Amino acid sequence: MTNTPTNSFEWVWFIAKKYSDLFIRGTWLTLLVSVTGTILGFVLGYVVGIVQDTEINKDDNIVKRGVVGLMKAVSTVYVELFRGTPMIVQAMIVFYGLRQSGWEIDPINAGILVTLLNTGAYMAETVRAGIKSIDIGQREGALALGMSPISTMFNIILPQAFKNIVPEMANTFLTNLKMTSVLNVIGVQELFLQAKTAGGTYYKYLESYLVIALIYLVLCFVFSRVFALIEKKMAGQKDYVLAVEYMENTQ
Amino acid sequence: MSKEIIRVEELGKSFGEHQVLRKIDFSVNRGDVICILGSSGSGKSTLLRCINQLETQSCGKIFFHDKELGRTQREINEYRSKVGMVFQSFNLFNNMTVLKNCMEGTRKVLHLPKHEAHERAMTHLKSVGMAPFINAYPAQLSGGQKQRVAIARGLCMDPEVLLFDEPTSALDPEMVGDVLKVMKELAQKNLTMLIVTHEMDFARDVSNRVLFMDKGYIVEDAPPEKFFTAPEHPRAKEFLSRFIAG
């Protein structure tokens with residue numbers, strides 16, 4: 001080697017260059033697991049949140065009441081389990097649990113599964129809070145028109161709740177982007193595990209982790225901008241156009 | 001078709017220990033414009049909300065065209081599509097424009113084709129003078145404008161009865177007039193209405209029947225000419241004397 005680095009800055013640059021393919025693969029896997037896991041988790045969170053908010057009409061038939069009751073019970077157990085245990089432990093239990101029961105799941109898929117289950121549990125509570133934040137009058141206005149509770153939920157409540165919880169969804173996503181680092185324990189070759197590998201050869205751990213710290217920082221910055229943009233877009237326009245063609249009859 | 005639309009029998013409602021409605025008996029006939037008067041806490045709004053089934057009665061029965069109201073969600077939805085409601089706080093859908101607000105019920109509940117729903121919405125928005133504002137969102141409107149849109153939204157469903165729960169109580173005095181004018185026009189078109197209100201002049205001039213409530217009972221049920229000149233119940237006398245003095 002001709003140019004041996006002499007200080008930490010040079011080592012950071014050296015390691016980033018030398019192991020660029022490791023870091024690129026790590027970045028890709030971090031993104032793959034966190035984006036896929038988060039999006040699927042959001043979907044699951046919405047389903048669970050809506051189920052938890054559903055009220056049982058005691059005058060409905062027994063089958064309908066039974067199904068709704070069971071779904072609510074399952075949701076509650078699920079949310080409590082996944083909010084009450086660390087993600088790193090969930091990763092171990094899901095991965096080894098599935099393997100021992102004969103399902104040869106690879107670490108990446110297991111990682112996505114854990115991320116989505118973890119996100120879903122938190123998201124369910126966020127969605128529930130979002131639904132509760134919508135004025136009861138919105139629901140009553142829709143019910144008074146004869147809309148069913150389900151139609152009311154999907155056409156009136158959720159679109160408004162969604163808007164309110166976008167900032168919280170951004171939070172969850174950024175958390176996940178960083179939380180995927182714990183998945184190194186089940187062998188997902190995301191950024192953290194790659195940094196460990198890269199640092200090992202020259203015994204330059206500090207420099208190696210500085211490289212991925214920078215990558216995490218850039219990723220989070222980019223995504224927080226993206227969410228800020230979405231939020232701005234959803235705020236809608238401040239002005240409206242008067243339909244002047246109907247003006248004649250008004251004062 | 002019979003003249004009677006809604007009949008309430010022995011209706012009672014309690015929230016825990018607190019009894020809000022007791023032994024309510026009355027019926028609503030086609031073309032009736034009934035004003036429900038009474039001081040705050042006398043149960044007026046709760047009665048209206050029971051009739052619309054936003055509250056479930058604790059006892060008693062409600063009949064719609066002589067048939068007792070069913071308790072399943074489907075039956076209640078269908079009933080509500082024929083008995084509209086206008087709220088004190090408007091309850092327009094904040095995520096939709098004025099036009100969409102007026103098409104939501106006709107599209108999702110009555111399943112009208114789009115052009116028909118649009119046509120209906122425009123007809124009623126014009127009649128309340130809100131057609132120029134079809135592109136606006138509720139947050140961009142004043143209270144009086146919101147309430148007129150809410151009335152148009154109710155009318156789009158072509159209801160047999162329209163319930164009004166203190167429709168002008170959240171408005172400033174200037175806007176009250178606009179809304180009352182719209183309601184007066186509806187009365188002249190023979191729309192059946194049940195109105196909880198504190199607008200005495202309106203009750204006297206527009207209604208054909210006045211129900212006066214006190215402590216959860218309907219204590220007086222009389223035509224306005226009689227109610228406003230010769231009320232029988234002492235509470236009604238007291239209530240009116242304060243109104244005349246004020």
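Leaving aside neighbours within four places in sequence, with which residues is B:Pro159 in contact? The residues in question are B:Lys82, B:Val83, B:Gly84 and B:Gly154, where two residues are in contact if their C-beta atoms, placed from the backbone, lie within 7 Å. The model is a predicted one, in which local features need pLDDT of at least 70 and side-chain atom pairs count only at pLDDT 80 or more, while totals for chains, interfaces and linings use all residues. Residues are numbered from 1 along each chain as its sequence is written, and chains are lettered from A and ligands numbered from 1 in the order in which they are written.

B:Pro159 sits in the loop between α5 (143-156) and β7 (161-165) of chain B, the helices (H or I, at least four residues) and strands (E, at least two) being DSSP runs numbered from the N terminus. Because it has 22 C-beta neighbours inside 10 Å, B:Pro159 counts as buried; a residue is buried if 20 or more other C-beta atoms lie within 10 Å of its own, exposed if 12 or fewer, and partly exposed in between, with C-beta atoms placed from the backbone. Although 34 residues separate B:Pro159 from B:Met193 in sequence, the C-alpha atoms of the two are 9.9 Å apart in space.

Another buried position of chain B is B:Val20, which lies in strand β2 (residues 18-29) and counts as buried because it has 20 C-beta neighbours inside 10 Å. Beyond its neighbours within four places in sequence, B:Val20 is in contact with B:Lys13, B:Ser14, B:Phe15, B:Gly43, B:Thr46 and B:Gly216. B:Val20 and B:Lys44 are 24 residues apart in sequence, with 9.2 Å between their C-alpha atoms. B:Lys44 and B:Thr46 are among the buried residues of α1(B), a helix (residues 44-51) that is mostly covered, with eight of its eight residues buried. Just after α1(B), B:Gln53 takes a positive phi of about 70 degrees.

Also in chain B, helix α3 (residues 98-108) packs against α5(B) at an angle of about 25 degrees, with the axes 8 Å apart; axes are lines fitted to C-alpha atoms, for helices over the stretch in contact, and angles run from 0 to 180 degrees between N-to-C directions. The two helices α3(B) and α5(B) are therefore roughly parallel to each other, given that angles under 35 degrees count as roughly parallel, over 145 as roughly antiparallel, 65 to 115 as roughly perpendicular and the rest as oblique. Their crossing is right-handed, a term used if the near helix is turned clockwise from the far one by less than a right angle, left-handed being used if it is turned anticlockwise. On the α3(B) side, B:Val98, B:Asn101, B:Cys102, B:Gly105 and B:Thr106 meet B:Val149, B:Ala152, B:Arg153 and B:Cys156 of α5(B).

In chain A, helix α2 (residues 20-53) packs against helix α3 (residues 62-83) at an angle of about 125 degrees, with their axes 9 Å apart, which makes α2(A) oblique to α3(A). This crossing is left-handed, and in it A:Val48, A:Val51 and A:Gln52 of α2(A) meet A:Met71, A:Lys72, A:Ser75, A:Tyr78 and A:Val79 of α3(A). The axes of α2(A) and helix α5 (residues 107-132) of chain A come within 5 Å and cross at roughly 40 degrees, and the two are therefore oblique to each other. Here α2(A) passes α5(A) in a right-handed crossing.

Finally, the contact between the chains takes 28 residues from chain A and 32 residues from chain B. On the side of chain A that touches chain B, α6 (136-144) and α7 (149-179) of chain A each supply at least two residues. By class, that side has 14 nonpolar, 11 polar and three charged residues, where Ala, Val, Leu, Ile, Met, Phe, Trp, Tyr, Cys and Pro count as nonpolar, Asp, Glu, Lys and Arg as charged, and the others, Gly among them, as polar.
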